[in-house]
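Colleague: I would like to learn how to read a model of this kind. Could we go through it one feature at a time?

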Amino acid sequence: MRYLPKSPADREAMLKAIGLRSVDELFAPIPAEYRLKRDLNIPRQMAESEIVDFFRQRSRENGEGYTSFLGAGAYFHYRPVIIDSLISRGEFLTAYTPYQAEISQGTLQSIFEFQTMIGELTGMEVANASMYDGSTAAAEAVMMAVRLTGRRSVVVARSLHPEYREVLATYATHQGMPLSVADFTDDGRVNLEELEKSMTAETACVIVQSPNFFGTIEDVTAVAEIAHKHGAMLVVSIAEAVSLGIVEPPRQADIIAMEAQSFGVPLGFGGPYCGVIATREKYVRQMPGRLVGQTVDKQGRRGFVLTLATREQHIRRERATSNICTNQALIALMVNIFMNVYGKVGLKELARQNLAKAAYAAAQFGKHGKVLFGSAPRFNEFVVQTSEDPRAINERLLGHKMVGGLPLKRCFPELGNAALWCCTELTTRTAIDTAAGVVAESERSVRSSRAEDVAEVAQ
Amino acid sequence: MAYPTDRKYTKEHEWIQVNGNSGTVGITDYAQQSLGDIVFVETPKVGSELTAGKAFGTVESVKAVSDLYAPASGTVTEVNAELATSPENVNKDAHGSWMLKLSLKNPSELNSLLSAADYEKFVAEEAGH
Amino acid sequence: MKPTIRKATTQVNQNEGLIFEKSSAGKAAWKLPPLDVPEVDAAKLLGEAERKDLGNMPEVSEIEIIRHFTRLSTWNYAIDLGMYPLGSCTMKYNPRVNEAVARVEGIANGHPYQPEKISQGALYIIKTLSEQLIEITGMDAITLQPAAGAHGEMTGLLMVRAYHQSKGNARKKILIPDSAHGTNPATAAMVNYAVENLKSDSRGMVDIAALASQMNEDVAALMLTNPNTLGVFEQDIHKIADILHAKGGLLYMDGANMNALVGKVRPGDFGVDVMHLNLHKTFSTPHGGGGPGSGPVAIKKGLEPFLPTPVLTTKSDGTLAFDYNRPQSVGRVRAFYGNFGMFVRALAYIQANGPNGLRQTTEDAVLNANYIRKGLIGSYDLPYATPSMHEVVFSDKLQLKKGVRTMDIAKRLIDYGFHPYTTAFPLIVPGALMIEPTESESKEEMDLFIDAMKSIAEEVEEDPQTVLTAPHSTRVSRLDETAAARKPVLRWKPTS
């Protein structure tokens, strides 16, 4: 076995040193009746070349070479090549949680820089070292607000990603945290009147997403006012991190729960991604997850350590802020490198290109289908309503090696034949024109068949 | 360490100094020593109700959290805000660094607490284990 | 006394400040292609929502970024450099083919919402890994959705709760041995179960009599790590399962130590009802400085209706699809389907091993731990004489006489070129040294480790000060954690 660094003679010598005759004796503590007396029923050992072939084959069956208009919480942005060259260094890839600070300064300093940049981008004072992903970060942020306010109920905007809402519901069920939902209006934003009505003296927090699930930018100032007026906190979820280059961050929020996948993390069929929680300094002791802090060594040299660990499970056990143990360090490193590559100016330009592509695409689709929620600003996603079921349109697009927008019928049936489209800097004008053309054709054929129906009726 | 005789002690290592109907609460020098460098003191808000023997806050060192137990029942009237920014004061002078003041609900509860001499004996035994 | 440090030599390494200290306006590491659609006026499109300023985000060139992170990387210890015997963490070799196949285009760039018709490759990977993990654990069904071990624990306990609820009573508490990992009680609290401690007996195993007296109809489950955190196999596992099952309780197994069992014994065969795995431990996906992990949860048939949504199914035409219609499900624990990239790596690891390789891996892991145990007995106190599986726990009792604690020995080990073992855990051993070599260490590497540990034990006798002030060879000496916690500095700020 090529991963095992021992010859039969080594094993022999080691057994002898221990004073055993056979490997079986090592397993004597396991009652004999449970010991497996056969091979595991899994395929034989494969050569590296066979493994690579296996996955190349799976790749070909997995949308390789398709142009996609999907977003909805997972975004296809360009990943600068130095991300993979740097994260592939064994010193990052094969180290563990930096418990031993003296030999983990590389990981610790990079996390400190990550926390700083997330703070700068979100407009918050402190950020943690990362969470599993945006959906669990949102749930943890809500639980944090519950601890901070001593209240239990939560008002959730329906324009929050439906899967984030599901995760939140799972976490809330057994914590005795009643959830109520505030719907959206025709501008695609949370209905402020309904929100106001949902607020009670027991409301711990309001959670909205901005840009929200439809790509629309919420009126965070107005939402914050309502939340704060009732003594509740505002939690804002950000799923498209690139928006932070050109969209004002929700500075009025008390807690921001973010998904940073857009910053250099591969789509990877949904994970691993990189959640983050950012908040105000005064709330830090109720924040879940790892934190890195700056300090000095015995000689007064700057260094970094894991800090405020008493919030965590290994010390506080059943009274910890969360059971979370790992963070997403390697993914946070991808995000970190991405933020360095684009930096202060590049992030803005990148966001501007996303904005321009989506604006162009929305205009093209708008000529044929109906673009919803046009009265509020949006970033790089928009909802298009068509006469035909979007699944049928998408079926035709597959013939052009294109994946159309996400059909919304399952989660938002009231929007009818609607789909959520996304454009990033990687979406070409040609692709947009082709897709808009397919939508146009669909509208024409529906209209002409309707015209035929009308003609038939007339006859 | 001489334990001041102007106050009473709990077996959980808190002290309480009584002045009329008001009590001032802190932790003992023995407690600060066993905790090591204290990095955070969490106290309840003014107006909170404490129940004798029940946890009302925590003290944290880098790698441990310990509960604080109320020596007597009552309402919190004042908390020592200085400890929020300078928790090291507890290490420097545990008997001088009070954590909170409360108006006592039932001063007779204090009768069951330890005197300085009894407490000293108690910690000597505990340290001996 | 002059110690002989055979494994490591000091070498110049580069200083490097924070990236913000290198930033200056006008430097850039990016270049976007020309925009092929009309330019837009952001102020007009976004109005008040337009962002004008990105604060102190850095402006640096590509070579500076490369050097920055390369220099930082050289300050880390890693498995690729040598033995990393962090007990309970299974720091084994992370095969590079795993990384290569995770980056194949259709796998790296697959969108979670792309139509199932063009996702058959990803779904086949999920199906194959699921089936193989079911075979390895001897369980009946599995979900790969949880993002890490602790997340798996939560998912598992949610299913335990749903199972009891379906029988009319969710029950009140979870029994957790005093040797357990801190995530176990923290998880129970998240699922709103009370935690009841279960003490260990003199062998370091679950005290059967105590279990029998504490078990009743209020107990939803026992969370057991097996082998436990002392590296000891719970020999009475069948009795434990019987006691639980007799009162309708479930046996939850924390699979953190599965590296001691794969191919030799299956938890499903010894009475486990629910368990989680850590793909980043047993199945070689990289730890990456603290994540990402992946924590699949395997279950027995009776808990299947409660699996998180969605569940993978095979349609009548043979294609794979997700089933979202699961009325009894505990719900969703994460957006999308879990840390798919880790599934790819774990499957590649299983493929590279096959049944023989997995069995040999387990045997070598257990052989290595016992070799270290034999080598260090006498130099360090062994609090439990019970046979060890894949890890061994010593204590600092002998060294404490000289005022030297487990953390000091750990810090000194750094000077000898090793990553320390796990310190001060499990809690039932005061001053614990928890050593897990894994199968990835050669006899030569372990001989060096044993030598280093013995040499430190001698230093403790002759020159404890050297040990108490270690490490001496690192960029920074021991850091002031108290100052860090008293006045937290959690981000950089410009000095002016």
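Colleague: Take sheets to begin with. In what order do the three strands of the open sheet in chain C stand, and is the pairing parallel or antiparallel?

Modeller: Keep in mind that this is a predicted model. The order is β10-β12-β11 in chain C, and the strands pair in the antiparallel sense.

Colleague: Which strands of chain C stand at the edges?

Modeller: β10 (392–395) and β11 (422–423) of chain C do; each has a single partner strand, so one side of each lacks a neighbour in the sheet. Two bridges join β11(C) to strand β12 (residues 432–435) of chain C. Within that pairing, Thr422(C) stands opposite Met434(C) of β12(C).

Colleague: Now contacts between chains. How many residues of chain C are in contact with chain A?

Modeller: In general, the size of an interface is often given as the accessible area lost when the parts come together. Here we count residues in contact: 167 of chain C with 161 of chain A. On the chain C side, helix α10 (residues 340–376) gives the most, with 23 residues. That side divides into 92 nonpolar, 48 polar and 27 charged residues.

Colleague: And how many residues of chain C are in contact with chain B?

Modeller: Four residues of chain C are in contact with five of chain B. The chain C side has one nonpolar, one polar and two charged residues.

Colleague: How many residues does the largest nonpolar core have?

Modeller: It has 347 residues, and those with the most contacts inside it include Val142(A), Cys205(A), Leu251(C) and Tyr252(C). Helix α12 (residues 329–366) of chain A gives the most to this core, with 23 residues. Leaving out residues up to four places away in sequence, Val142(A) touches Val154(A), Leu168(A), Cys205(A), Ile207(A) and Val235(A).

Colleague: Into which domains is chain A divided?

Modeller: Domain 1 covers 82–339 and domain 2 covers 344–458. Their C-alpha centres lie 31 Å apart. The contact between them takes 15 residues from domain 1 of chain A and 20 from domain 2 of chain A. On the domain 1 side, seven residues are nonpolar, five polar and three charged.

Colleague: Last, confidence. What pLDDT does chain B average?

Modeller: Chain B averages 91, and 97% of its residues score at least 70.

Terms used. Residues are numbered from 1 along each chain as its sequence is written. Chains are lettered from A and ligands numbered from 1 in the order in which they are written. This is a predicted model: local features need pLDDT of at least 70, side-chain atom pairs count only at pLDDT 80 or more; totals for chains, interfaces and linings use all residues. Two residues are in contact if their C-beta atoms, placed from the backbone, lie within 7 Å. Helices (H or I, at least four residues) and strands (E, at least two) are DSSP runs, numbered from the N terminus. Ala, Val, Leu, Ile, Met, Phe, Trp, Tyr, Cys and Pro count as nonpolar, Asp, Glu, Lys and Arg as charged, and the others, Gly among them, as polar. A nonpolar core is a set of buried Ala, Val, Leu, Ile, Met, Phe, Trp, Tyr and Cys residues joined through C-beta atoms within 7 Å. A residue is buried if 20 or more other C-beta atoms lie within 10 Å of its own, exposed if 12 or fewer, and partly exposed in between; C-beta atoms are placed from the backbone. Two strands pair if DSSP finds at least two bridges between them. pLDDT is the predictor's confidence in each residue, from 0 to 100. Domain bounds come from an automatic or database domain assignment.
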